[in-house]
Amino acid sequence: MNIQSRIETIRGYMAEAGVRGYIITGFDPHGSEIPPAHWHTREWISGFTGSAGLVLITADAAGLWTDFRYWIQAEEELKSSGIALFRDGMPGVPEPLDWLVSRLSPGDTIAFDGCTVSSQMAYEWLLTLMNGDLRFNASLDFIANSWLSRPPMPAERVFELSKDVSGESRESRLARVREKLRELRCDTWIASALDLIAWTLNIRGSDIPDVPAAVGYLIVQTDSIRWFTNIARLPDSLRKTLERDGITILPYENFETRSLPPESRIFIDPRLLNYAITANLPSGIKQRIGRDPVYLMKSRKNETEIAHIRRAMEKDGAALVRFYTRLARILEDGEKIGEMEAAERLRECRQSLPGFLGDSFTAIAAVGGNGAVCHYHAKPESQGIITAGEGLFLLDSGAQWEDGTTDITRTTPCRKPTAEEIRDYTRVLKAHITVSRMRFPAGSRGYQIDAIARADMWHYGIDYGHGTGHGVGYRLGVHEGPQVLNSRPVDVVLEPGMIVSNEPGLYRENCYGIRIENLVVCREAETTEFGQFLCFETLSLAPYCRALIDVNLLSKEEIHWINDYHAQVWKRLYPLLTEEEADWLHKETQTLEVCAV
């Protein structure tokens, strides 16, 4: 069945149900950034493989809305599909729901599967639909009966993290959750986000691509704890341990909220719970709306977790040095390598070290103009070729190690860099160092850090179109909230133990992209008469590119910081390297001379 036939099948179900417009999100019921294959509904209906987008279908039209990261990709993948591309954010492009309202008549019905839409998004949609005098039905899953070869529900192995690895027992975490509920005058907490469940229960799985989590729902009440998941895949030892800790394990398909006692006082974060959960709560139940408090607990890494992450960074850094040593040899020998092969070679370097579990996301290996596409992913038929004659090579990658989750980006030249490339790289490096060296008062938010990071670049009329940083989990998702460093005024205070990326960039269309990324952890700094101050400890370990640094654009303090960082990189990575790799790293970490004023 081709794309057009699939759309016609959906339209047939729409006609039978009296539905005039249908929305497909491509999300799973748990809000996963990259859902398991079972929920790749957006890709199935459209052929679009990007990680963000909405598909809207009416009786006579269909459209896909996606952001700037995927415009080029979507244009190619939607060819011959009959689906129009709407470049979300471009002037004149209508909002998806506004488009629906404009094409339908008052009284028409719009439908979607409420399990695949967050409560917050659904409420925003419903307001738009009601203003357009349209009705809605949030309980229709037309794809379930249309996708005949649909992949099964994930049922990968689940394992337990010991206290030596997590730094805190399951009993302690559950006690903290219940204590927080009491503080909030609530007695029920529902978790559908898989990383929240994994953190609370001290378990990990393999159901989500690149994220060690297990599909399920968790309901914690003052007198009971219920985990809904695929029971058959649980080892007997884990099942018995969970039951000993007071956790009742039930089949995934048995999850529902209608049977909650009507006198329950439940905490709801509409950003994390899907609409089907909140819409089906018993009438009269008391709801407290806010940011999920357990989400914040998870974001603050304890000292055991941070110690493990430091070890993961040493292995990750050694793997990067191994890769760049081999890449240098390839280019010196006049050979070439495709972007996809380069990403695979890096994976092999990581696999050569103990404790590697897998990637934390699909690596972005981009040479020349491809690097200017923020979320570029190479394809066999169109990938760039890395040769000694090419320009800059941007490599953004990460791994899941037994000791933690990594995410790092480095940009290197494949030939002698131009003056413009050196200048741009050094400007990005200055922004990166600004974050690395920053001291800021307790209570600061991510958007404040983001603005300070960009200040020098703004002075020269340059900027980058993404955030300066995102939160990162511990043996969980490489993208974690609620902490973030970007321009949106997110009211989340940066706290000790939170890990964020530090990744400013600069992108010149069709020429090159530059991004430099380390992970940093928020720490307490000094306390002065003006209060408590915080700082960032850099966790990632890999050299910056000496050939792209113009020391004349750096202050003495910035040069000293680079030299100190490179000394740490050398000291901690050297024991893990071969002689050839150590020679390469030694050259890259040589002391930068401070220019005389």
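Which residues does Phe 323 touch, not counting residues up to four places away in sequence? Phe 323 touches Ala 342, Arg 345, Leu 346, Cys 349, Phe 393 and Leu 395, where contact means heavy atoms within 4.5 Å.

## Basis

This is a predicted model, in which local features need pLDDT of at least 70 and side-chain atom pairs count only at pLDDT 80 or more, while totals for chains, interfaces and linings use all residues. Residues are numbered from 1 along each chain as its sequence is written, and side-chain values use heavy atoms, with hydrogens and water left out.

## Nonpolar cores

A nonpolar core is a set of buried Ala, Val, Leu, Ile, Met, Phe, Trp, Tyr and Cys residues joined through side-chain atoms within 4.5 Å; buried means under 20% relative accessible area with a 1.4 Å probe, protein chains only. The largest core has 92 residues, and those touching the most other members are Phe 323, Ile 386, Phe 393, Tyr 425, Phe 536 and Tyr 544. Helix α13 (residues 303-332) supplies the largest share of this core, 13 residues; helices (H or I, at least four residues) and strands (E, at least two) are DSSP runs numbered from the N terminus. Because domain 2 (159-298) and domain 3 (303-558 + 572-578) both give residues to this core, it lies between them. The domain bounds come from an automatic or database domain assignment.

Another core, of 49 residues, lies apart from it and includes Ala 198, Leu 201, Ile 208 and Leu 238.

## Cavities

The structure holds two cavities of 30 Å³ or more. A cavity is a set of points, on a 1 Å grid over the protein atoms alone, where a 1.4 Å probe fits but cannot get out, and its lining residues have an atom within 4 Å of a point. Volume is the space filled by probe spheres set on the points, which are joined across faces, edges and corners.

The largest cavity, of about 40 Å³, is lined by Phe 323, Arg 326, Leu 327, Ile 330, Ile 337, Arg 345 and Cys 349. Both α13 and α14 (339-351) give two or more residues to this lining, and α13 gives the most, with four. The second largest cavity, of about 30 Å³, is lined by Trp 199, Arg 204, Lys 298, Lys 301, Glu 305, Tyr 474 and Leu 476. Domain 2 and domain 3 both give residues to this lining, so the second largest cavity lies between them.

## Ser 192

Ser 192 lies in the loop between β8 (188-191) and α9 (194-201). Ser 192 counts as buried because its relative accessibility is 1%.

How values were computed: Buried means under 20% relative accessible area, exposed over 50%, partly exposed in between (1.4 Å probe, protein chains only). On a 1 Å grid over the protein atoms alone, a cavity is a set of points where a 1.4 Å probe fits but cannot get out, and a pocket is an open set with protein on both sides within 12 Å along at least five of seven lines; lining residues have an atom within 4 Å of a point.
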